[in-house]
Amino acid sequence: MTPPGPRAATTHQRHLVGVWNPAYAVDAMEAHRRLLLDAIRAWRIGGGDLDDVHVWWGKVRSPNRQQRLPHLAEILALNDEIGNEDDRELHLYLTDYRSLYVAHVAEITERDVRREEPGRVPDYYRAGDLHFDCWFRLWDIRRLVNDDTLAVVQELKHLRNVHYGDRPVSLYGGMVDLPLVVWRADEVGYFDERLRDQVLEGLFWVEFDSEQGGLPALERDLRDNVVGEEAWSALDPSARAAVASAEREFRERRADASHDFTGVLVNLAKAYELHSALLLRRALARESPAARSVNVEGRSVDLVSGRPLSVGQLANALEHDGRLAQLLRGRLVGGNW
């Protein structure tokens, strides 16, 4: 059966999906994350240029394919979009079918970077007779799913494969000529600095993920046994992590009558703020800056491009700004907040 050909050019931002092969290195993803964490630590200690905080991901060419990647020119052309659009994030989704990560791409190039920046390239790339189609310079790497194939399948359904008739990306069909060129209708931003500053207090996502030991298993338990797949999947990954953090503290300390459970409430409030902020951004994205701005303590805040509101600030805005409340009633299902 011949797969569907490419569709007409979409107006949505394009991204990429790749697969890492454990045959090249058992800990391929961890090797990249370790180098990125090392670069972050060096930057925090010595300062310097923030652009030095990165790691290179190589697209290894299969030894069974000698010809040029059919759509390599299209992939390389995405490099021209980086930095040319406001808030344009170029994502490289990476999976081994059990886990799924998303990386913030800073550059795409054909040149072999192994000699240029050996300290930003994992050692296994220099072992054996490996050849590469291209390289991706990554600013940050964020974990979306850990050791949960079902969750990987659900996350990838949000992505549409440009060269497979815009069908949802599936692990069991269309995973050829990687990396795939994809788009997603909601155009979610995974690395928004305002959200990161609020949620992570200045950490990079790779730093945050490295500190979350045990959370992935707890997230699976919450999805399967407490919240349900549909509701859990609707939450942004960072909101899920906040809920799981709250649940972990509660489970660990619920027998301790002297424990202060403020941390549980803070994490639940954080999840609410995150989900609300992302919901508002999607609902108001096409409105004018004037229509989507609210007064917060005497200053105007754009709900799409500004810093997310706290729970109290959002409640106050909805209570006192009748224009905003009316607008959301027409944009959201059950929007009569």
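Ala241 touches Phe208, Leu215 and Glu219, leaving aside residues up to four places away in sequence; contact here means heavy atoms within 4.5 Å. This is a predicted model, where local features need pLDDT of at least 70, side-chain atom pairs count only at pLDDT 80 or more, and totals for chains, interfaces and linings use all residues. Residues are numbered from 1 along each chain as its sequence is written, and side-chain values use heavy atoms, with hydrogens and water left out.

Ala241 sits in helix H8 (residues 237-253). Helices (H or I, at least four residues) and strands (E, at least two) are DSSP runs, numbered from the N terminus. Ala241 is buried, with a relative accessible area of 7%; buried means under 20%, exposed over 50%, and partly exposed in between (1.4 Å probe, protein chains only). Its C-alpha atom is 9.7 Å from that of Leu144, 97 residues apart along the chain.

Now the sheet. It is open, has 8 strands with mixed pairing, and runs S2-S5-S4-S3-S1-S8-S6-S7. Strands S2 and S7 stand at the edges with a single partner strand each, so one side of each has no neighbour in the sheet. Two strands pair if DSSP finds at least two bridges between them. Antiparallel strands S3 and S4 are joined by 5 bridges, and Leu92 stands opposite Ala103 in S4.

Here are some strands with their residue ranges.

| S2 | 55-60 |
| S7 | 167-168 |
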